[in-house]
Amino acid sequence: LKCLIAEEWPIPAICMQLVVDARVADDAARVTEYVSRKDQVSFKLQESYDGLPAALAHQNKSIRLLAVRALDKVGRRDYSRAVSLMSTTLAALDDQDHDIRRAAVDTLAGFA
């Protein structure tokens, strides 16, 4: 669901939290797990960048690359937020994978 929203909105999916009944929905859960007896569910979307440092340290390269690309997308939309996330982006420069380091360099260049 978050990926579909990210296609239409400028918020990266990794920076979204879907809230149902005042609690953050589990990313691995199916939407049907939150449907009430009325066959309806209402989500509130909130932006959160708290998970980006952990995503950059994730063992899966795809997750790390997604996090760096999210930083790039955020930086192009909100410069002040990009500055606050600069140290997170700098950490990606030490990644063992060339693609992650390259994406981090491109992201930092976009901040300039």
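My entries follow, in the order I looked things up.

**Ground rules.** I am working from a predicted model, where local features need pLDDT of at least 70, side-chain atom pairs count only at pLDDT 80 or more, and totals for chains, interfaces and linings use all residues. I number residues from 1 along each chain as its sequence is written, and side-chain values use heavy atoms, with hydrogens and water left out.

**Largest pocket.** I searched on a 1 Å grid over the protein atoms alone, taking a pocket as an open set of points where a 1.4 Å probe fits, with protein on both sides within 12 Å along at least five of seven lines; lining residues have an atom within 4 Å of a point. Grid points are joined across faces, edges and corners, and a volume is the space filled by probe spheres set on the points. The largest pocket comes out at about 250 Å³. I find 13 residues lining it, with Lys2, Ala13, Ile14, Met16 and Asp27 the closest to its centre. Helices (H or I, at least four residues) and strands (E, at least two) are DSSP runs, numbered from the N terminus. Helix H1 (2-8) and strand S1 (16-20) each put at least two residues into this lining, and S1 gives the most, three. I sorted the lining into eight nonpolar, three polar and two charged residues, with Ala, Val, Leu, Ile, Met, Phe, Trp, Tyr, Cys and Pro as nonpolar, Asp, Glu, Lys and Arg as charged, and the others, Gly among them, as polar.

**Second largest pocket.** This one holds about 210 Å³. Its lining includes Lys2, Leu18, Asp27, Arg30 and Phe43. Here I get eight nonpolar, no polar and four charged residues.

**Lys2.** I looked at Lys2 next, which is found in H1. Is it buried or exposed? Lys2 counts as buried, at 14% relative accessibility (buried is under 20% relative accessible area, exposed over 50%, partly exposed in between; 1.4 Å probe, protein chains only). Leaving aside neighbours within four places in sequence, Lys2 is in contact (heavy atoms within 4.5 Å) with Ala13, Met16, Leu18 and Asp27.

**Sheet.** Three strands make an open antiparallel sheet, ordered S2-S1-S3. S2 (23-24) and S3 (44-47) are at the edges with a single partner strand each, so one side of each has no neighbour in the sheet. Two strands pair if DSSP finds at least two bridges between them; S1 and S2 are joined by two, and Val20 has Arg23 in S2 as its bridge partner.

**Asp50.** I place Asp50 in the loop between S3 and helix H2 (52-56). Asp50 counts as exposed, at 70% relative accessibility.
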